[in-house]
Amino acid sequence: LSLVFKLKFCFSVSMVEKAINDQIVEYLRFHGYGETLNSFAKELKTKSASGKLNRQKSGPKLPEGDDENYPTLYSLQRQSRTARKRDVEKEFKDLKKKYANILQASRQIFSIGINCLHTLQGILEKSHDNHLHELLEKYKLQLGKYHKVVLDEGASDNSEYLSEEVITEHKSKLIKTKDERNIEGITEILLSLRVNALQIAPDLRKNLIYELIRNDIFCISEELDNNFLMDLLEIDNHGLRHALCAIISVVASTLKGAEYLIQHDLDIVAKVIEVTKEQENGSVTQRFCVAILQKMSIKDEVIHELLARNMIQWLVKFLQSSLKENVHIFALDFGSALLANILHSNITHDYLESHEEISAFITDSLLGLIFEKVQTSVLMHVLICLSYLSNERFAAQVEKSNFIDKISEFVEMYSQINTSEQETADIEKRTILDLCAHMFHPKDMTLDNSATMEYNEMKVEEKVRKYENEDGELIFECFPDEISTG
């Protein structure tokens, strides 16, 4: 599980006492009642240990009715839970309505697709074009698969995956069209391969990547070099580069995929970095490039290349650019996660120790960024980056940048944000504040209560894996604007 998901997951509070205790701790901490907070935490631990058996038997119960003997907090908590339950029911009804609308729209789109195929069939009968005939049959096959999904209302067939025969056929055509310098043909094959990948159920996607590697889809193993893939990356064609980066991102989605791409050298990584910097900020192709680098940053060899090509500085400036221009959230999310993975590495720590000016630039820039209006996921990654920069190896820079004061100022500011009417915003606020407490106050024993503070078990030392969902299934990127942008 990714760190961000774990932190969000642990706030699914089932015990009323936990919610109330959290609120009391938050209140005492905010107003600086340190002694009271320590006493409260110690008593919580004592009662937690002595009352464990009773809680296991019956569990804490929220008092019913309006008995005056109960504290007002219980009544407030009950009202809050009732309101949240109503919100959940309303959201569920809205989701059902949206689901029905999407299902109806997909049926209409399918009808339009069928009409287009009939039109193409008429053109084919007049032109007798073999290439058009092959294209038509491919579209029929793909529409048939989508039609099955629509008929089953989203239920997937877990037995369906790309066969070795299909992969081998795609590889042979890819080699042939490359030798012919047929850019349109290469692009079409890459797109076809990706469409097939997107159709596979999430729990079978790792197997797909292993099959692509086993069949050496990019001829890296059998040729003992990266020339085949590098030749394709060197072709400066918008459509081909988009399709190629998309399928590379698919392959890079597992550790074995990353190792497959760098088994000889880091030329592919270097070229992807080059393409990333050339693209317009937030463009589709840049999104795929950033995703590739984020996925491959799990390998230390890649960290060396990222540092050598000044990606830390570029990523910081990239995040700052979003304050002045509209940049796609996916690029910012994966870009900030990539930065977190780079700063996580001891290789980077060694590098920053010998490049104090870069360390100062990053620290000051990120400390400024947390006070700006950025997406919650990006803010989480920036805070994780700052936690790595608070390492004792950078003590001089921490003091020079007023690090502790600025983090405290941020926590105070963020605590005052009113999220009482939005449950999602409230959960995000709690996540951010507890993330700060976990990372920047690790020795504060008032938070070390396993009965109420589960997030303290999370380890920020884990690298961020953005390409898996909460079930550990792979996510293959797909964007609505791929057709119209680069």
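Visitor: Is F410 buried or exposed?
Guide: Buried means under 20% relative accessible area, exposed over 50%, partly exposed in between (1.4 Å probe, protein chains only). F410 has 0% relative accessibility, so F410 counts as buried.

Visitor: What are these values based on?
Guide: This is a predicted model, where local features need pLDDT of at least 70, side-chain atom pairs count only at pLDDT 80 or more, and totals for chains, interfaces and linings use all residues. Residues are numbered from 1 along each chain as its sequence is written, and side-chain values use heavy atoms, with hydrogens and water left out.

Visitor: How many disulfides does the search of the whole structure find?
Guide: A disulfide is a pair of cysteine sulfur atoms within 2.5 Å. C245 is in none; its nearest cysteine sulfur, that of C289, is 3.7 Å away. Across the whole structure, the number found is zero.

Visitor: What is the angle between the planes of F330 and F479?
Guide: Rings of Phe, Tyr and Trp (its six-membered ring) pair if their centres lie within 6.5 Å; planes under 30 degrees apart count as stacked, over 60 as edge-to-face and the rest as tilted. F330 and F479 lie 4.9 Å apart, centre to centre. Their pair is edge-to-face, with planes at 75°.

Visitor: Which residue has its charged end over the ring of F479?
Guide: A charge sits over a ring if NZ of Lys or CZ of Arg is within 6 Å of the ring centre and within 35 degrees of the ring normal. Here the charged end is 4.8 Å from the ring centre, and it belongs to R287.
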